[in-house]
Amino acid sequence: MNTQSQTIVVKLGTSVLTGGTLKLDRAHMVELVRQCVQLKKAGHQVIVVTSGAIAAGREHLNYPELPKTMANKQLLAAVGQSCLIQAWQSLFGIYGVDVGQMLLTRADLDDRERYLNARDMLTALLKNNIVPIVNENDAVATNEIKVGDNDNLSALVGILAGADKLLLLTDQSGLFTADPRKDPKAELIKEVHTIDETLRKIAGGSGTTLGTGGMATKLQAADVARRAGIEVIIAAGSAENVITDVVNSKPQGTKFLPVECALESRKRWILAGPPSKGSIVIDDGAVNAVQQKGSSLLSKGITEVSGHFIRGGVAKIVNTKGELIARGISRYSSDDLTKILGKHSQDIYAVLGYEYGPVAIHRDDLVLI
C-alpha cells in the first residue's frame, strides 16, 4: 500500500449501500468500513460521503405509503438520517474508530464565512482521527438550497478538505463507451484526460431508481473535483477491495486525471461554492485576453448581461456562442454592468457616478472552465 499520506473522499451511493434492495445492506457496509479503516491504519485520512437516509427512513418505518411530497421526503430523511449515522457509528466502532456527522446544504457553501467554518470543522475532525460522515441535510433542504445529489456534494467536500482522491462508488464498474446494460459491445473507459461534450453524451442520465445521481452527475462531480487538483475514480462499490485499491497502483473503474494546476483556496470557493446568479457574454477579444493572456475582464469586452446578481456575486462568463468560459466574482452588479458594457474603464465613473475599480472581474476572482 502507498505509504505517502493522502486524503481520500469515498462517496457511497444508495444503490451501493442497499445492494439494489429496499434496505441497508449492513453486511456490505461492514466490508466498506473495513477497507476505510485499513486506509486509516496505513496513515491516510478518509472522509465518507453517504447517501441512503431516505432509504433508511423507509426501512425503519416499515415502508410506509406516503404521497411523494417534499415534506414527506424530508420526513423520511429526518427519521433515516439518525438510523444511518447510528449504523456508521456502530460499524466503525467495531474497529474502535470514532465518526462525526456533517450535514450540509448549498447555503453552507454559498457564503464565504460558512464555507470556511465548514472547512475548519472538517479539518478538526480529521486532525483528531475522527472519520467525517457527510450527507446533504435533506430534512431541511429545499430545492433552492440543495446541492441536489451526493456526487456533486462529494466533489465539494473534496475541495473543502483539500483531498487527493475522490472515489465515486456506484452500481456500475465505471464509465463505458456506451450503456453496458443495453450495448454488449460497450467498453470500459479506463482513463480520462479531458471531459468534453462527447463524454457527457456517453454519460447519459440517471442509472437507478433508488438514488438521485446517475453517471451524468458523476461526470459533473469529476469535472469540478479535477479542476481543484483532485484525482477522481468511478468504480463499482461491490468490487473486491475497491477502496483500498485507490491508493495502490491498481485502481479500478474509470480514473479522471486532475488538472495540472490546482486552484488556490479562494478560487476553489468560486468553483465549489455559490451557484451563478447570471451570465456575462463577452466578445472574442475578451475571450482571448481572459483565456490566453490571464487578463482581468474589462467592461469594454462585455456585450450582454443576463440574470440578476449583486456586487460580489458569482456570474458565469460565456462567449457569443453561449459556451461557458469561466466563473467569477463580479465587482459590479448586473444592473451596473448593463450600463457600462462596451465602455472603456475610464468611462465607468462618468456613466455610474461611482466606480469599484477599472475591471469588471479581476483575474484573481476568475476561474477558467
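Trainee: In which helix is Asn150 found?

Mentor: Asn150 lies in helix H7 (residues 150-161). Helices (H or I, at least four residues) and strands (E, at least two) are DSSP runs, numbered from the N terminus. The model is predicted: local features need pLDDT of at least 70, side-chain atom pairs count only at pLDDT 80 or more, and totals for chains, interfaces and linings use all residues. Residues are numbered from 1 along each chain as its sequence is written, and side-chain values use heavy atoms, with hydrogens and water left out.

Trainee: What does the protein average in pLDDT?

Mentor: pLDDT is the predictor's confidence in each residue, from 0 to 100. The protein averages 87, and 91% of the residues score at least 70. Over residues 205-213 the pLDDT is below 50. That stretch still has 23 contacts in the model beyond near neighbours in sequence; contact means heavy atoms within 4.5 Å. Where pLDDT is low, the predicted coordinates should not be read in detail.

Trainee: Where is confidence lowest, and where is it highest?

Mentor: Helix H10 (residues 265-272) is lowest, at a mean of 71. Strand S2 (residues 45-50) is highest, at 97.

Trainee: In what order do the 8 strands form the sheet?

Mentor: Strands of a sheet pair through backbone hydrogen bonds, either parallel or antiparallel. Two strands count as paired if DSSP finds at least two bridges between them. Here the open sheet runs S3-S4-S2-S1-S5-S7-S8-S6, with mixed pairing. S3 and strand S6 (191-192) stand at the edges. Each has a single partner strand, so one side of each is left without a neighbour in the sheet.

Trainee: How many bridges join strand S3 to S4?

Mentor: There are 6, and S3 (residues 99-104) runs parallel to S4. Val99 stands opposite Val131 in S4. Leu103 has Asn135 of S4 as its bridge partner. S2 and S4 also pair in the parallel sense, over 2 bridges. There, Val49 is partnered by Val134 in S4.

Trainee: Why is strand S4 largely enclosed by the rest of the structure?

Mentor: Buried means under 20% relative accessible area, exposed over 50%, and partly exposed in between (1.4 Å probe, protein chains only). In S4 (residues 131-136), 6 of the 6 residues are buried, so the strand is largely enclosed. Both faces are covered. Val131, Ile133 and Asn135 are on one side, with Pro132, Val134 and Glu136 on the other.

Trainee: Where does UniProt place the feature "binding site"?

Mentor: UniProt positions use the numbering here, feature names are shortened, and annotations may be inferred rather than shown by experiment. The unreviewed UniProt entry puts this feature at Ser51, Asp138 and Asn150. Ser51 sits in the loop between S2 and helix H3 (53-60).

Trainee: Is Ser51 buried or exposed?

Mentor: Ser51 is buried, at 10% relative accessibility. Asn150 is buried too, at 8%. Not counting residues up to four places away in sequence, Ser51 touches several residues, including Lys11, Thr14, Leu84 and Asn150. With that exclusion, Asn150 touches Lys11, Val49, Thr50, Ser51, Asn135 and Glu136. The side chain of Asn150 also reaches the backbone oxygen of Thr50 at 3.0 Å.

Trainee: How many disulfides does a search of the whole structure find?

Mentor: A disulfide is a covalent bond between the sulfur atoms of two cysteines. The search looks for a pair of cysteine sulfur atoms within 2.5 Å. It finds 0. Cys36 is buried at 3% relative accessibility, and Cys83 is buried at 16%.

Definitions and conventions: A polar contact is a pair of N or O atoms within 3.5 Å; within protein, one must be able to donate a hydrogen and the other to accept it, and residues adjacent in sequence count only if both atoms are side-chain atoms.
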